[in-house]
Amino acid sequence: KRIKTIKVSQQFKGEFEKGIKIGEKVSNLIDKLGTPKSINPSIARYPKKGIHFTLNKNSVVGAHVFKKQ
């Protein structure tokens with residue numbers, strides 16, 4: 001068996017690529033990582049980077065990390 005996805009919650013104190021942290025504003029996320037493949041009020045998808053950020057009120061509140069596509 002293999003882990004396919006890791007869910008990161010609001011309690012995560014570490015950093016993602018380019019210093020992105022939980023609580024980051026969506027505008028900062030886009031400045032650091034570029035425009036996501038798709039975005040809506042609840043998720044910003046970066047499949048080529050292997051991460052989807054969950055959003056709430058224009059801030060990053062979690063993430064799903066997976067094998068890059």
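Residues are numbered from 1 along each chain as its sequence is written, and side-chain values use heavy atoms, with hydrogens and water left out. In this predicted model, local features need pLDDT of at least 70 and side-chain atom pairs count only at pLDDT 80 or more, whereas totals for chains, interfaces and linings use all residues.

**Exercise 1.** Identify the buried residues of helix α1 and state what they pack against.

*Solution.* Taking buried as under 20% relative accessible area, exposed as over 50% and partly exposed as in between (1.4 Å probe, protein chains only), one finds Val-26, Leu-29 and Leu-33 buried within α1, residues 26-33. These residues lie on the same side of α1, because they cover an arc of only 55° around the axis, the arc being that of the directions from the helix axis to the C-beta atoms. Next, the buried residues of α1 pack against β2 (38-40), β3 (43-46), β4 (51-56) and β5. Finally, Gly-34, which follows α1, has a positive phi, near 90°.

**Exercise 2.** Locate Val-65 in the chain and decide how exposed Val-65 is.

*Solution.* Val-65 belongs to strand β5, residues 59-66. With a relative accessible area of 30%, Val-65 is partly exposed.

Notes
Helices (H or I, at least four residues) and strands (E, at least two) are DSSP runs, numbered from the N terminus. Contact means heavy atoms within 4.5 Å.
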